[in-house]
Amino acid sequence: MIVNSITGVRIAGAANGWPEDLLGPSARLNNAQIYEFFYGADWREHLAQRQWDEDRPQQEFGLRSRSWLRGSSFTVLDLAIVAAEKALHRAGIKPQDLDCIFVATCTPFQISSTLAGKVARHLNTNAVAIDIRAGGAGGLDSMITAAMYHSHGCKASLIIAAEASSLFVSKEDSANGMLFGDGASAMVFVSDENTHQQGLVGGVLGRYEAAVAAER
């Protein structure tokens, strides 16, 4: 599905939420700490057997550290709330003035429950709460969907993309464990009749193959 430009919508505020906001500096783990998590105290011997350099994550992926919730009682919901409250504050929008909330995640803390609904309950708002499950594209899909809602009467919306991958990574899966970190981002969209030249340029919702075909 190709989405044409939607004007009259602007970003009123944006913010991030990190494990450090909840746990302090200890939530950020460097590469040595990650190696120890996966391979134990003798991780240097393990790397030597594989002929891996200690700085391999930084050399190949540019990663020096990542933030994790693992080992704490916090979940992706807490990250989403932190980002949401910051974004609303920066936008100067009260939760009760929101019409819609969109939350994208691959790592919900409850499989059979709505993450967006939990955020709405915490914020004490009656806004429509919609979960987006679209993998890595979830955040972008949420932005496009929110803009579409604004074109049909929504005045203020909250868009959140949040992940807590560390809570799901197996200790036998060091490859993904090295790459994935936890965090959340949030934006507040508002409809503004004075911003006719601003808004969504356009987008494509669908499978990757369909998107490529649309570009061609």
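Predicted model: local features only at pLDDT ≥ 70, side-chain atom pairs only at ≥ 80, totals over all residues.
The largest nonpolar core holds 31 residues, and the members that touch the most others are Leu 98, Ile 101, Leu 158, Ile 160 and Val 188. Elements that each supply at least two residues of this core are the helices α5 (76–91) and α6 (115–123), together with the strands β6 (100–104), β8 (156–164) and β9 (182–191). Helix α5 gives the largest share, ten residues. In general terms, nonpolar side chains of soluble globular proteins tend to be buried together.

Leaving aside residues up to four places away in sequence, Leu 158 touches Ala 84, Leu 98, Cys 100, Ile 101, Phe 102, Leu 123, Ala 186, Met 187 and Val 188. Ile 160 lies in strand β8 and is buried, with a relative accessible area of 0%. Counted in the same way, the contacts of Ile 160 include Ala 80, Ala 84, Phe 102, Val 119 and Ala 186. Between Ile 160 and Arg 90, which are 70 residues apart in sequence, the C-alpha to C-alpha distance is 15 Å. A second, separate core has 14 residues, among them Ile 6, Phe 102, Ala 147 and Phe 189.

Turning to the cysteines, the count of disulfides is zero. Cys 154 is buried, at 5% relative accessible area. The closest cysteine sulfur to that of Cys 154 belongs to Cys 100 and is 3.7 Å away; because a disulfide requires sulfur atoms within 2.5 Å, this distance is too far for a bond. Cys 106, by contrast, is partly exposed, with a relative accessible area of 44%.

Technical notes
Residues numbered from 1 in each chain as written. Heavy atoms only, no water. Core = buried A, V, L, I, M, F, W, Y, C linked by side-chain atoms within 4.5 Å. Buried < 20%, exposed > 50% of the residue type's maximum accessible area, 1.4 Å probe, protein only. Helix = DSSP H or I, 4+ residues; strand = E, 2+ residues; numbered from the N terminus. Contact = heavy atoms within 4.5 Å.
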